[in-house]
Amino acid sequence: MVKVKPGDTVESVIVDGNAVAGLLSDALQSDATLLQLTCGTCGDQSVLAEALVELDEAGAIVRCRSCTHTMLTLLRRPEGVTLRIGTFEMVFPGAAG
């Protein structure tokens, strides 16, 4: 891990998604209830366990506990579970769909 101090110059490279696959896998293997969420609308910070969730057979909408803005959506589909965060969407193939 690189520690960056004010005034440091950091160089970056452009690579494909394989470069972050391990980091993302590590992040997703944690206890999901403890995931730290920050609302992009009001800035409220809380863990997933404290969020408001609308749940039905199609999936779940996770809302900010403070302003009720939609933070993420999970959809059950035949091909797997789809996670949508804002305009970003990720499909987890073979997950309980």
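**Strand pairs, salt bridges and a pocket**

Biologist: Starting with Asp-56, which residue in S4 is its bridge partner?

Modeller: Strands here are DSSP runs (E, at least two residues; helices are H or I, at least four), numbered from the N terminus. Two strands pair if DSSP finds at least two bridges between them. In S4, the residue bridged to Asp-56 is Gly-59.

Biologist: Before we go on, what pLDDT do side-chain atom pairs need to count?

Modeller: Residues are numbered from 1 along each chain as its sequence is written, and side-chain values use heavy atoms, with hydrogens and water left out. This is a predicted model, where totals for chains, interfaces and linings use all residues, local features need pLDDT of at least 70, and side-chain atom pairs count only at pLDDT 80 or more.

Biologist: Back to the strands: how many residues sit between S3 and S4 in their hairpin?

Modeller: S3 and S4 pair in the antiparallel sense, over five bridges. Leu-55, for one, has Ala-60 in S4 as its bridge partner. The hairpin that S3 and S4 form has between them two residues.

Biologist: Glu-57 is in the loop there; is Glu-57 buried or exposed?

Modeller: Glu-57 belongs to the loop between strand S3 (52-56) and strand S4 (59-63). Buried means under 20% relative accessible area and exposed means over 50%, with partly exposed in between (1.4 Å probe, protein chains only). With a relative accessible area of 71%, Glu-57 is exposed.

Biologist: How far apart are the C-alpha atoms of Glu-57 and Arg-76?

Modeller: Along the chain, Glu-57 and Arg-76 are 19 residues apart.

Biologist: What about the next hairpin: which residue in its turn has a positive phi?

Modeller: S4 and S5 run antiparallel and are joined by five bridges, with Val-62 opposite Leu-72 in S5. Their hairpin leaves six residues between the strands. Most residues other than glycine have a negative phi. In this turn, a positive phi of about 65° belongs to Thr-68.

Biologist: Is Thr-68 buried, exposed or partly exposed?

Modeller: Thr-68 is found in the loop between S4 and S5. Given its 42% relative accessibility, Thr-68 counts as partly exposed.

Biologist: On to charges: how many salt bridges does the whole structure hold?

Modeller: Side chains of opposite charge can pair when their charged atoms come close. The test for a salt bridge is a side-chain nitrogen of Lys or Arg within 4 Å of a carboxyl oxygen of Asp or Glu. Searching the whole structure gives a count of three.

Biologist: Which residue forms a salt bridge with Asp-44?

Modeller: Asp-44 lies in the loop between S1 and S2 and is buried, at 19% relative accessibility. Its partner sits 21 residues away, in the loop between S4 and strand S5 (70-77). The closest N and O atoms are 3.0 Å apart, and that partner is Arg-65.

Biologist: Which residues are linked with Arg-65 in a network of salt bridges?

Modeller: Arg-65, partly exposed at 39%, also meets Glu-50 in a salt bridge of 3.1 Å, N to O. Glu-50 is in the loop between S2 and S3, so this pair ties together parts that are 15 residues apart in sequence. Glu-50 is partly exposed too, at 42%. The network links Arg-65 with Asp-44 and Glu-50.

Biologist: And what is the N to O distance between Glu-54 and Arg-63?

Modeller: Glu-54 is partly exposed at 42% relative accessibility, and Arg-63 is partly exposed at 22%. Their side chains meet in a salt bridge, N to O, of 2.5 Å.

Biologist: Last topic: which element gives the largest share of the lining of the largest pocket?

Modeller: On a 1 Å grid over the protein atoms alone, a pocket is an open set of points with protein on both sides within 12 Å along at least five of seven lines, where a 1.4 Å probe fits, and lining residues have an atom within 4 Å of a point. The volume, about 650 Å³, is the space filled by probe spheres set on the points, which are joined across faces, edges and corners. Of the 25 lining residues, the closest to the centre are Leu-35, Leu-37, Leu-72, Leu-83 and Ile-85. Four lining residues, the largest share, come from S5.
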